[in-house]
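Reader: Could you walk me through some of the terms used for this structure? I would like to see what stands behind each of them.

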Amino acid sequence: MTSNYTVTVLGLGAMGLPMATRLASQLTVHGFDIAEPRLKLAEEAGIATFATAREAAKGADAVLLAVRNGEQLNDVLFGENGVASVLEPGAVVILGSTVGTEAIPATVEKLAEYGVELVDAPLSGGPKRAGEGDLLIVVGASPEAREKAAPALELLASTLTVVGDKPGDGQALKTVNQLLCGVHIAAAAEAMALADALGLDQAKTLAALEAGAAGSFMLSNRGPRILEAYTEEGAEVLSRLDIFVKDMGIVGKATRAAGLAAPVAAAAEQLYLLGQAQGLAAADDSAVIKVVAPAKRTKQ
C-alpha cells in the first residue's frame, strides 16, 4: 500500500470520518461532506477536503461511499452533481453502507457506462473500530474490482469476507447481519428494562449477563449505553436509532420477498419505529429501552 493510491471518502459522518482518518495513515485521502463542521474536522485530521464531491472524486482510484440509502447512492453517483462522470475508467466505487439489494443492479449497470465497477462492501463495527481498522467487511464484487479496492479495504478491515463475485452479495449478507443486530439490541433493552422492573441493580445485572450464556456482542456494546439512556444527556450517539428503522425495513422487505416469516425481526422493527415516532430518531439506538420502559424506576 502506498500514498500513490488515492481514495475519496464521500460522507464524513460518524463512520466516514474515522474511516478517512484510518485510510490517510497510509494512502492519499480526499474527503467531502455537505456539513461544513465535518469538513473542518476532516481538515484537522489531515485529510484533503474539497468544495464539491466531484472535485474530491477526480483522479481517485477508489471512491468510498458512506451514504444513508439507495436514493442517496443514486444521487451521489448520478444526480445533478454526481461523481460517476468524473471517474477514470478502471476506478472502483466502494459501497460501505447498508442500502439493501434492490438498488444494486441499476447502479452496476450505470457505472459500467463509465468503465467503473461497484465493490459492494457493507461494513460494521462502529466508529471506534473504524478508526482502528477493526471493521467487519463483507464483499461482493468481481475479482478484478476486489483487487483494485484492496488497499482501502485491507486497511479498514480486521475481518474481510468475500461473499461472492457479484455486487449485491455483500448487501444480502449484511441484511442477515442487521436482522441479528437489530433483534439483539432490542432484546438487550428489554432485558435491562426487566432487570430494573424487578428491582435489580442494572450494572451488576449487565456484568452477570455478559459472563454467561446470554452474553452477546450487542449486549456488551450497547448495554452500558442502555444504562445511560435515562440521563439528561442520554448516551453518546454512536449509532442513531433511525439507522435501525432503515435497516430493519430492509430486513422486512427481504424476508417478504423471500416469502419468509420473520416475526421476531418484525417485532424489533416496530420498537424502532415507535422510538422514531416518540422523537428518538437522532438518539443513540440504545435509547430503544425508553420505548419499552419510558421512565426508569426508582428504588422504594
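**Strands and a helix, term by term**

Author: Happy to! Let us start with a pair of residues: Ile137 has Leu160 in β9 as its bridge partner. Please keep in mind that this is a predicted model.

Reader: How do you know that β8 and β9 pair, and in which sense do they run?

Author: Two strands count as paired if DSSP finds at least two bridges between them. Strands β8 and β9 (residues 157-164) are joined over 6 bridges, in the parallel sense, so they pair. From β8 the chain crosses through helix α7 (residues 143-156) to β9, a right-handed β-α-β crossover.

Reader: What makes β7 a partner of β8?

Author: Strand β7 (residues 123-124) has 2 bridges to β8, and at least two are needed, so they pair too. These strands run antiparallel, and Leu123 stands opposite Ile137.

Reader: Why is β8 called largely enclosed?

Author: A residue is buried when its relative accessible area is under 20%. In β8 (residues 135-140), 5 of the 6 residues are buried, so the rest of the structure largely encloses this strand.

Reader: Now to α9: how do you know that its buried residues are on the same side?

Author: The buried residues of α9 (residues 202-210) include Gln202, Thr205 and Leu206. They cover an arc of only 100° around the axis, so they lie on the same side of α9. Lys204 and Ala208, on the other side, are exposed.

Reader: What covers the buried residues of α9?

Author: Their cover includes α8 (169-197), α10 (217-227) and α13 (289-292).

Technical notes
Residues numbered from 1 in each chain as written. Predicted model: local features only at pLDDT ≥ 70, side-chain atom pairs only at ≥ 80, totals over all residues. Heavy atoms only, no water. Buried < 20%, exposed > 50% of the residue type's maximum accessible area, 1.4 Å probe, protein only. Helix = DSSP H or I, 4+ residues; strand = E, 2+ residues; numbered from the N terminus. Arc of directions from axis to C-beta. Contact = heavy atoms within 4.5 Å. Right-handed = clockwise from strand over helix to strand, strands pointing away.
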